[in-house]
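Colleague: Please take me through this structure. I would like to hear what each term rests on.

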Amino acid sequence: MIEESDINFEDFEKLNIINKLRQIIGNWWNIQLNFTDEKGVLKGVPQGKFFNAKNPVCKLITESEKTFPDCVDIASKTTIESEEAEAYLLSTCHAGFSTMSLPLKLGKKYLGCIFADGFLIEETVDEQKDRLRMYLKKHFNGNTKELEDYIAKLPVLSLKEVSYLKELLEVVLDEILNLRKTISDNTESFHALSNNLKTQWTFENIVGKSQAMQNVFKLLLKIKESEATILITGENGTGKEGIAKSIHVNSKRKNENFIVQNCGAINDNLLETELFGHVKGAFTNAIKDKKGLFELADKGTLFLDEIGDTSPSMQVKLLRVLQEGTFLSVGGSEQKKVDVRILAATNRNLEQMVKDGTFREDLYYRLNVINVKLPPLRERKEDIPILISKFLSDYSKLNNVNIKKISASCIYKMEKYDWPGNVRELQNEVERLCVLSGDEKEIKDDLLSDRIYGVQEKEDIFKTINTSGTLKDAVENLEKTMILTFLENENWNKSRAAKKLGISRASLIMKCEKYNFERVRKEN
């Protein structure tokens, strides 16, 4: 469970998507975005001042010691109203600006709110401008014409634009909650591996009878007692994390923590804090020391996924840990020493990146002590039937249902498909087939995704095309062959054939008439 002290608004500020949405909202409407905690205290506001006021009137008000306290009070009031409303809230601030707020809740815990302000609404713009003039005249003795010029340039949103703004704030809200959930999930996984993990990820449970996978198994058996750093390479979906878990479970460190960090999922600042931790006072809201993943993985294994996505500055920090086993927490001055086995993975060509100057050569050689290269599924198609069998069994156990059978024609078509998403795509397809087949005991090929179902037919179709003669003749020949093939595959059901061909039923009927296609007619 996440405690109040664990809610770190500094993490939110570092998220790339939040910074990007802030820019979009600022560029489109000149509106600022702010956070408050559950007590209504503005977060990310250094020295009691707004740092991101966008329009000149807001800057004038927030930079004045006389009127800034009003802004602090309205932020607190907005937070309270947001909690009470438990939903999207559109209100008006002390000066006359419109304010939009959404409550930030994690489960039943209210964490504060996110709000956008500094804009006017088209339907009430005259009334709001009059209120602003009164407020500015009361507190500022500046040039009246200059203030009027400021007011004329204020952002005015239609109700439709207000709706767009609300949707953008909801995206920000979702990203914040996803971040907190990720941190929470990681925290819970820092304990020793469960028996479930230990039994699921033994080498024996990795499926593959192909020569390519047998070569991988032989290498894994050779290195299981080694403490060397291992680089796992392969395309997305080939099972790199599963191999990393297996290496850990079969190593001397199997009773210690196995911790995973995707290096491409977050930006540098947040990644540095996650890996190395921080000390109290390192930045705003760092109200206590936080251990990083290197410290939590001490005596165990740390798996750095997508290592090729790290920046040059992060590569320097990682190289130091690999060379010396020491690091500095963010804001710290004391060197910390750890004993961590490093496993890394990437789908990128690090060797080429070294040549291009985007990945450090010394770090590459430190990581690539032993390379485990996973073959793509298209190079190990003989493994597809046993993978399908495994995934059917997994689905059965997870959903407490009988294991389904899969038809020979279905397996045949799946073997002919190239699986660009590799094992992960195959697993998703098997799960989809299990769901769509309902109570049927056998899965038929007509349930396959279109991209898989039609792959063999398309190959056969192109083999029959006569490439001699004019382009018009060849195109017409292709059209006739495809129409007849799909009609026969669908038992002359024109609706289904038209859908597979990507044309309307009426269009298909017209083409059948054009080529004199009838059901009784067969091509010899």
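**Terms and values**

Modeller: The accessible surface of the chain comes to about 27500 Å², with 49% of it belonging to carbon and sulfur atoms; such areas come from the Shrake-Rupley method with a 1.4 Å probe, and for residues only the protein chains shown count as cover. This is a predicted model, where local features need pLDDT of at least 70, side-chain atom pairs count only at pLDDT 80 or more, and totals for chains, interfaces and linings use all residues. Residues are numbered from 1 along each chain as its sequence is written, and side-chain values use heavy atoms, leaving out hydrogens and water.

Colleague: What share of the residues count as buried?

Modeller: Of the 524 residues, 47%. Buried means under 20% relative accessible area, exposed over 50%, and partly exposed in between (1.4 Å probe, protein chains only).

Colleague: Why is a set of residues called a nonpolar core?

Modeller: Because its members are buried Ala, Val, Leu, Ile, Met, Phe, Trp, Tyr and Cys residues joined through side-chain atoms within 4.5 Å. The largest such core has 30 residues, and Leu275, Phe294, Leu302, Leu304, Ile307 and Phe359 touch the most other members. Apart from it lies another core of 23 residues, including Trp29 and Leu168.

Colleague: How do you know that the span of helix α16 is close to the expected one?

Modeller: The expected span is 1.5 Å times one less than the number of residues. Helix α16 (residues 384-399) has 16 residues and reaches 22 Å from first C-alpha to last, close to the expected 22 Å. Helices (H or I, at least four residues) and strands (E, at least two) are DSSP runs, numbered from the N terminus.
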